[in-house]
Amino acid sequence: MHDRPLSDSEKPLALGTWRRVVRLFMPHRPAICLVVLLVVAYSALNAAVPLLTQLVFDRALFGVGGPDLPLLALIAGLAAATACAVGVVDLGQTWVSARVAQQVVHALRVELFGRLQRMSLAFFAATRGGEIQSRLANDTAQIEHAVKDTLPSTLSGVIGFVAAAGAMVALSPLLAGAALILTPIVVWVASRSGRALKNLSEVSQRSRAQLSSIVAERLCLGAVVLARVHGRSADEATRFAAESQRLIRLGVHSGLVAQGVLSAGHVFFVLTPYLVFVAAGLSDGITPGTLVAFTVLQARLYQPLWQLLHISTEFRSAQGAFERVFDYLDMEPELEPGPDPRPDTAPGPGALAVREATFRYAAGEHDRPALDGVNLTLPAGSTTLVVGPSGSGKTTLGHLLAGLHAPTKGSVRIDGAKIGRPSPGQVCIATQEPFLFQGSIADNLRYAAPDATADDLVRACRLTRIHERIMALPDGYGSLVGERGALLSGGERQRIALARALLTDASVLVLDEATSALDPVTELEVVEAILAEREGRTTVMITHRFGVFESFDTVVALVEGRVAEHGDRLDLLGDRHGWYARMVRAQTGAAQALGGQ
């Protein structure tokens with residue numbers, strides 16, 4: 001058992017957590033007040049039944065003149081009416097509590113999902129998917145249980161305990177003192193154990209998140225293939241079993257701590273009646289009816305107290321879940337700057353300007369930036385090749401142009417307006433590893449253009465040379481793509497993603513190695529078709545295989561995050577010692593650069 005006192009740093013955290021929990025319920029104050037009234041009525045009705053028992057013994061059965069049958073019948077009728085009222089009140093309280101709980105958890109879940117959607121790409125790159133899923137699913141499920149069952153039960157238990165204790169005092173203060181004398185000890189044990197349960201709950205939730213991460217990461221198609229190729233399937237199973245075993249140990253430990261609280265309560269429940277009997281034997285004036293009523297009231301007292309002991313273990317676990325969810329809600333989402341109200345110039349739709357753009361993925365100033373002081377001007381309607389060796393910052397530049405990252409320093413502008421976030425309909429990016437949702441091909445295409453007609457889908461897919469392949473499938477455009485497009489080849493996924501990007505009809509299209517899985521002939525056909533379709537609109541293509549592309553106006557060569565060359569394609573080819581000309585010769589195997597025209 002964890003009997004360490006709550007540290008100063010922990011106390012404000014716990015108080016702050018419960019204050020935030022209370023704020024979640026503030027929009028539902030009328031319903032909460034109704035629940036309180038119903039619980040008070042329920043507890044009062046329950047406490048009234050033992051008082052009727054006292055009347056039965058002291059007046060109806062053993063009063064002066066013998067049994068009073070009319071009075072006995074009246075009391076029985078009152079007891080029946082009371083029991084019916086208790087059932088109706090309890091049903092009403094359960095219905096209102098369930099509605100409030102579902103609304104509160106729904107709002108919390110939606111807020112958490114919305115906050116996660118606004119987090120930076122760096123957050124998702126650094127955080128395991130299973131951890132995110134665990135907080136959205138496991139933690140909110142635990143909170144749902146706490147709000148729906150634990151909080152109403154706590155309220156009912158506290159009010160029921162107070163009502164029963166009040167009725168005891170009304171019957172006999174002496175016997176009430178004997179019945180309640182051990183209560184502080186039980187509460188102290190529950191408090192000590194609760195802190196240990198909270199810590200165990202946090203560790204258990206982290207272990208569940210780890211387990212979810214292993215499942216999400218290691219049971220996807222790519223991971224299973226990798227494990228089989230390298231003979232690591234048994235190792236993966238062992239790793240999963242070890243984490244599951246750890247969760248078992250934590251569960252057993254939590255069960256022992258919780259049972260410690262209940263065992264202390266059991267001692268209290270067994271011992272207290274005998275303390276009451278001893279007190280009754282030592283005092284005068286205790287009637288049989290009073291003692292019987294007191295015995296019934298003790299059951300009414302034990303029930304809410306036992307309920308509170310059970311709840312105390314769940315409450316601490318719920319606190320850990322609340323804190324984990326609040327941790328995510330407290331994270332700062334990615335900044336979403338609006339467009340610059342004073343654009344520098346507006347040369348035309350789709351004009352791009354990069355000014356002294358520097359970007360760092362790591363926080364340390366001593367790390368080499370992915371981009372360092374990049375300056376570019378890409379006119380509207382231009383076609384640009386971005387080339388360079390691996391690690392030169394090409395993809396980072398593409399992400400900045402698409403608004404997926406904001407520059408650490410400097411700015412990126414489109415038509416003179418500063419951008420630092422995605423601009424749907426204005427800028428679209430197609431990446432090397434396209435993401436396809438579980439669903440049909442048509443569903444994935446319409447994700448970019450929900451109102452696209454069947455003819456629109458066909459036109460876009462013809463441009464990317466995938467229409468015939470789709471029509472060869474059993475269900476055509478209704479064919480399922482599988483998990484992340486697993487039922488399609490890499491080239492097919494890329495061409496469907498390209499068609500999806502074309503459906504946006506964006507002013508600027510960035511292709512980041514978006515044709516890398518295609519054979520050279522198909523790649524050239526697809527790129528030429530896209531450029532012809534987008535004539536007059538800005539297209540930027542990032543690629544390693546640039547030697548055969550002749551339809552681009554401009555070439556930007558990046559080396560170590562800086563612009564090494566930038567200019568007309570033919571002019572750069574004319575510089576035999578330039579980086580672009582040398583790489584073209586290396587790729588084509590020609591003695592001279594392409595088009596010695």
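**Close-up views of a predicted model**

**View A. R462 counts as partly exposed, at 44% relative accessibility, where buried stands for under 20% relative accessible area, exposed for over 50% and partly exposed for what lies in between (1.4 Å probe, protein chains only).** This is a predicted model, in which local features need pLDDT of at least 70 and side-chain atom pairs count only at pLDDT 80 or more, whereas totals for chains, interfaces and linings use all residues. Residues are numbered from 1 along each chain as its sequence is written, and side-chain values use heavy atoms, with hydrogens and water left out. The partner of R462 in a salt bridge is E468, with the closest N and O atoms 3.6 Å apart; a salt bridge here is a side-chain nitrogen of Lys or Arg within 4 Å of a carboxyl oxygen of Asp or Glu.

**View B. A salt bridge joins R469 to E492, their closest N and O atoms being 2.6 Å apart.** Because R469 belongs to helix α14 (residues 467–471) and E492 to helix α15 (residues 490–503), the pair ties together parts that are 23 residues apart in sequence. Helices (H or I, at least four residues) and strands (E, at least two) are DSSP runs, numbered from the N terminus. R469 is partly exposed, with a relative accessible area of 36%, whereas E492, at 10% relative accessibility, counts as buried.

**View C. The side chains of D330 and R20 meet in a salt bridge, at 2.8 Å from N to O.** This pair links distant parts of the chain, since D330 is in the loop between α10 (288–329) and β1 while R20 is in helix α1 (residues 10–25), 310 residues apart. D330 is partly exposed at a relative accessible area of 44%, and R20 also counts as partly exposed, at 23% relative accessibility. In total, the structure holds 9 salt bridges.

**View D. Four strands form an open antiparallel sheet in the order β2-β1-β4-β5.** The strands β2 (371–378) and β5 (417–419) stand at the edges with a single partner strand each, so one side of each is left without a neighbour in the sheet. Neighbouring strands of this sheet are turned by 30° against each other on average, direction ignored. Strand β1 (residues 352–359) pairs with strand β4 (residues 409–414) in the antiparallel sense over 5 bridges, where pairing requires that DSSP finds at least two bridges between two strands. A353 stands opposite R413 in β4. Helix α11 (residues 394–401) packs on the sheet and touches β1, β2, β4 and β5, its direction making about 125° with that of β1. Contact means heavy atoms within 4.5 Å, and axes are lines fitted to C-alpha atoms, for helices over the stretch in contact, with angles from 0 to 180 degrees between N-to-C directions.

**View E. Strand β3 (residues 383–387) has 5 of its 5 residues buried, so it is largely enclosed by the rest of the structure.** From β3, the residues T383, L385 and V387 point one way, while T384 and V386 point the other way, and all are buried. Strand β8 (residues 538–542) pairs with β3 in the parallel sense over 4 bridges, and in β8 the bridge partner of T383 is T539. Another 4 bridges join β3 to strand β9 (residues 554–559), again running parallel, and in β9 it is V555 that stands opposite L385.
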